[in-house]
Amino acid sequence: MIRAKNTAESGLAISSKTKIVFPDVCARCGAQTHKTIPVKIKAGSPHHHNFEVISLLGTPGHIAGGINELLAGSTKIPCCRVCRRPYVVGYAVCIACIVGEGILCYLGPTYVNTVPEWLLMICIFLGLFLFIGIILASTIGQEIAAPVRIWRDASGYYYYFFSGAYRDWTQKQRAHPL
Ligand SMILES: [Zn+2]
């Protein structure tokens, strides 16, 4: 996965001891939203970003503790309908590929002896293509739509947002810890 380097200035890097629950604002464009997108949490720590260490301990309304949360390999990040579209499209493509593969597998045995060879070849390639789509489509969509990269190691969570949508909110959390 190629990581864009020129986003560093507009991006926002945060590290926190606990998992942060962000406000109902899209992490990519800043629009008010109640939609979320699942984001996978990678093990280990990022090496090439400067992380602003933010302590959000003591703001219970914004912290989701609990062992289940810690064990979870992914988290939900607010992301508006427009910005999460690649995720939805990827998911839809994945479903479409499953359906297509199902149809091929269903029709295959029936027509394998009656269709011309070239059509059979096309169907085999189509089957392979659909198979790859099933495996990759939703992952790719999720990767494209994800507004953040998240890592976790023994010292806590590292969030790297591609946009500065939470910059003000983060400053407020730092300025007024309870
Ligand atoms: Zn958005």
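Let me start with one term: a residue is called buried here if 20 or more other C-beta atoms lie within 10 Å of its own. With that in hand, hello everyone, and let's look at strand 1. Four of its five residues are buried, so strand 1 is largely enclosed by the rest of the structure.

Before we go on, please keep in mind that this is a predicted model. The mean pLDDT of the protein chain is 81, and 79% of the residues reach 70 or more. Two stretches call for care. Over residues 1–8 the pLDDT is below 50, and that stretch has one contact in the model beyond near neighbours in sequence. Residues 58–69 also stay under 50, and for them the model has 16 contacts beyond four places in sequence. Where pLDDT is low, the predicted coordinates should not be read in detail.

Now the overall layout. The protein chain holds four helices and six strands. Of the 178 residues in the chain, 25% are buried.

Let's return to strand 1, which covers residues 12–16, and ask who sits beside it. Strand 1 pairs with strand 6, residues 156–161, in the antiparallel sense, over five bridges. If you want to find this pairing on the screen, look for Leu12, which stands opposite Phe161 of strand 6. Then look for Ala13, whose bridge partner in strand 6 is Tyr160.

Strand 6 has another partner too. Strand 5, residues 148–153, pairs with strand 6, again antiparallel, over six bridges. Here Ile150 has Tyr159 as its bridge partner in strand 6. How many residues lie between strand 5 and strand 6 in their hairpin? There are two.

In soluble globular proteins, nonpolar side chains tend to be buried together. In this model, the largest nonpolar core has 23 residues. The ones with the most contacts inside that core are Ala27, Ile37, Ile77, Cys79, Val148, Tyr159 and Phe161. Strands 1, 2, 5 and 6 each supply at least two residues of the core. Which element gives the largest share? That would be strand 6, with four residues.

Let me zoom in on Ala27 for a moment. Leaving out residues up to four places away in sequence, Ala27 touches a whole list of residues, including Phe22, Ile77, Cys79, Val148, Phe161 and Tyr166.

Tyr87, Gly90 and Cys97 are buried in helix 2. The buried residues of this helix pack against strand 2, residues 36–43, and helix 3, residues 117–145.

So what does helix 3 look like? Helix 3 has 29 residues and reaches 40 Å from its first C-alpha to its last, close to the 42 Å expected. There is a kink of about 40° in helix 3, centred on Leu136. Its buried residues are Leu130, Gly133, Ala137, Ser138, Gly141, Gln142 and Ala145. Strand 2 and helix 2 are among what covers them.

Let's finish with two isoleucines, one from each of these helices. Ile95 lies in helix 2, and with 14 other C-beta atoms within 10 Å, Ile95 is partly exposed. The C-alpha atoms of Ile95 and Ile134 are separated by 7.3 Å, although these residues are 39 apart along the chain.

The second one is Ile132, in helix 3. Is Ile132 buried or exposed? Ile132 counts as exposed, because it has 11 C-beta neighbours inside 10 Å, and the cut-off for exposed is 12 or fewer.

To take away: strand 1 is largely enclosed by the rest of the structure, strand 6 pairs with strand 1 and with strand 5, and the buried residues of helix 2 pack against strand 2 and helix 3.

Note on methods. Residues numbered from 1 in each chain as written. Predicted model: local features only at pLDDT ≥ 70, side-chain atom pairs only at ≥ 80, totals over all residues. Pairing = 2+ DSSP bridges. Contact = placed C-beta atoms within 7 Å. pLDDT = per-residue confidence, 0-100. Core = buried A, V, L, I, M, F, W, Y, C linked by C-beta atoms within 7 Å. Expected span 1.5 Å × (residues − 1). Bend = angle between axes of the 7 residues up to and from the residue.
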